[in-house]
Amino acid sequence: MDSLASQPPTPSTRSLVFIVWDNPPIVIGAGSYLDRLAALAGARNVFHDVSSPSAQVSIETIAARDPDFVAVLTDSAVPPRYATRPEWRVVRAVRTARFLFLPGQLFGRPGPRAAEAIRELRRRLEAAP
Amino acid sequence: MKYVLLAAALLATLAAALLLGPANVPLGEVLASPILWQLRLPRAVLAFLVGGALGASGVALQALVRNPLADPFLLGLSGGAGLGAVVAIALHLPGPWALPLAAFVGAVGAMALVYRLGLIGGAELDPRILLLGGVAVGAFAAAVTTAIVSLAEATELRNAFLWLWGGFSGASWTTVLVILVYAPLPLIVLAAAARPLDLLALGEEPAQYLGADVRRLKRVVYLSASLLTAAAWACPSLPSCCVDGA
């Protein structure tokens with residue numbers, strides 16, 4: 001973990017949003033484990049400026065911040081159900097189905113496998129078109 | 001003059017609903033902004049239609065029961081709709097239409113029950129029995145809703161409360177289309193009943209002497225107002241039925 005943290009992440013302009021609840025939309029902000037994990041993987045959490053670990057926001061705020069990816073903690077590769085709802089289509093990443101499906105066991109909580117989670121997220125960000 | 005002021009208030013409200021929001025949409029980009037066209041405009045239009053439908057329904061019911069305190073929710077409709085929605089959430093009924101349909105069925109069920117109770121005194125719909133029946137059915141539905149909610153799991157509880165509190169966050173053009181297709185018929189019926197309802201304000205017997213078919217009028221107005229309320233109550237929930245938590 002320390003060695004990963006000391007290495008500068010691959011320069012990336014990839015941005016993402018962690019949507020943990022859709023109605024009302026709740027996203028991950030700075031100070032949370034997932035925000036730190038995204039930064040170490042070289043991605044920019046579009047809600048990094050939110051000081052609390054999580055916050056309720058509006059769909060239009062997510063749309064205005066226009067993340068490249070929507071990160072979803074799930075063990076399946078099925079897009080979340082809200083992706084089909086008309087009001088969510090305003091978010092470009094939802095409309096174009098740019099989801100990062102992150103297994104809950106690896107990404108859900110801090111632990112000895114955090115370094116593996118960072119490598120995995122880096123790999124997925126680099127592999128994504 | 002009154003109508004000009006109302007139209008001005010409507011336009012000002014609509015402009016505020018379109019131009020103000022959490023995301024800053026510059027004035028120059030307003031016409032091309034998906035945030036405006038896909039989120040704010042359908043939400044504002046839906047709120048306008050639902051508010052108008054509830055207002056029309058309320059004024060018709062006030063004329064029907066000759067009581068200015070009457071409103072669509074006093075007749076048990078909201079209790080029935082809430083019960084239908086909470087049952088759909090508790091039973092995890094699948095599909096995007098399950099929740100609004102369940103709410104609609106609940107509202108229509110409550111309406112039918114109150115209507116039946118209103119006929120107990122004879123073939124006429126008695127306004128007093130209608131009001132008391134509405135309050136009783138609404139209270140019973142609210143009690144069952146509370147019982148289901150108290151037994152529900154945390155996720156269901158949150159979804160149920162979100163629905164019961166109401167809101168237009170899930171508004172879309174689909175929802176607007178549904179209410180635009182559904183609402184005109186009961187609205188036309190209510191508008192056509194405006195004059196006989198004015199006559200009814202004089203009392204049932206004078207209205208009958210002046211040419212109003214009171215018995216038919218009461219039934220038609222009650223059914224139209226109720227169906228309009230049921231749709232207005234269920235429509236905003238149309239897209240809010242797929243709540244995912246990670």
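The following dialogue reads selected features of a predicted model.

Colleague: Let us begin with strand E1 of chain A. How many of its residues are buried?

Modeller: Strand E1 spans residues 15-22 of chain A, and 7 of its 8 residues are buried, so the term applies to residues under 20% relative accessible area.

Colleague: Which strands pair with E1(A) in the parallel sense?

Modeller: Strand E3 (residues 44-45) of chain A pairs with E1(A) in the parallel sense over 2 bridges, and A:Ser15 stands opposite A:Arg44 there. Strand E5 (residues 69-73) of chain A also pairs with E1(A) in the parallel sense, over 3 bridges. In that pairing A:Phe18 faces A:Ala71 as its opposite residue.

Colleague: In what sense do E1(A) and strand E2 pair, parallel or antiparallel?

Modeller: Strand E2 (residues 25-28) of chain A pairs with E1(A) in the antiparallel sense, over 3 bridges. A:Trp21 has A:Ile26 in E2(A) as its bridge partner. The two strands form a hairpin, with 2 residues between them.

Colleague: How many salt bridges does the rule find across the interface of chain A and chain B?

Modeller: The rule finds 2 salt bridges across this interface. A:Glu60 forms a salt bridge with B:Arg43, with the closest N and O atoms 3.6 Å apart.

Colleague: How many salt bridges are counted over all chains?

Modeller: The count over all chains comes to 12 salt bridges. One of these joins the side chains of A:Asp49 and A:Arg65, at 2.6 Å from N to O. A:Asp49 lies in the loop between E3 and strand E4 (54-56) of chain A, and A:Arg65 lies in helix H3 (residues 59-65) of chain A, so this pair ties together parts that are 16 residues apart in sequence. A:Asp49 is exposed, at 53% relative accessibility, whereas A:Arg65 is partly exposed, at 30%.

Colleague: Where do A:Arg124 and A:Glu120 lie?

Modeller: Both lie in helix H6 (residues 114-127) of chain A, 4 residues apart, about one turn of the helix. A:Arg124 is partly exposed, with a relative accessible area of 23%, while A:Glu120 counts as buried at 18%.

Colleague: Which residue of chain B forms a salt bridge with B:Glu204?

Modeller: B:Lys218 does, and the closest N and O atoms are 2.8 Å apart. B:Glu204 lies in helix H10 (residues 204-209) of chain B and B:Lys218 in helix H11 of chain B, so the pair ties together parts 14 residues apart in sequence. B:Glu204 counts as partly exposed at 23% relative accessibility, and B:Lys218 as buried at 1%.

Colleague: Is B:Ser224 buried or exposed?

Modeller: B:Ser224, in helix H11 (residues 214-234) of chain B, is buried, with a relative accessible area of 9%. Not counting residues up to four places away in sequence, B:Ser224 touches B:Pro186, B:Val189 and B:Leu190.

Definitions and conventions. Residues are numbered from 1 along each chain as its sequence is written. Chains are lettered from A and ligands numbered from 1 in the order in which they are written. This is a predicted model: local features need pLDDT of at least 70, side-chain atom pairs count only at pLDDT 80 or more; totals for chains, interfaces and linings use all residues. Side-chain values use heavy atoms; hydrogens and water are left out. Buried means under 20% relative accessible area, exposed over 50%, partly exposed in between (1.4 Å probe, protein chains only). Two strands pair if DSSP finds at least two bridges between them. A salt bridge is a side-chain nitrogen of Lys or Arg within 4 Å of a carboxyl oxygen of Asp or Glu. Contact means heavy atoms within 4.5 Å.
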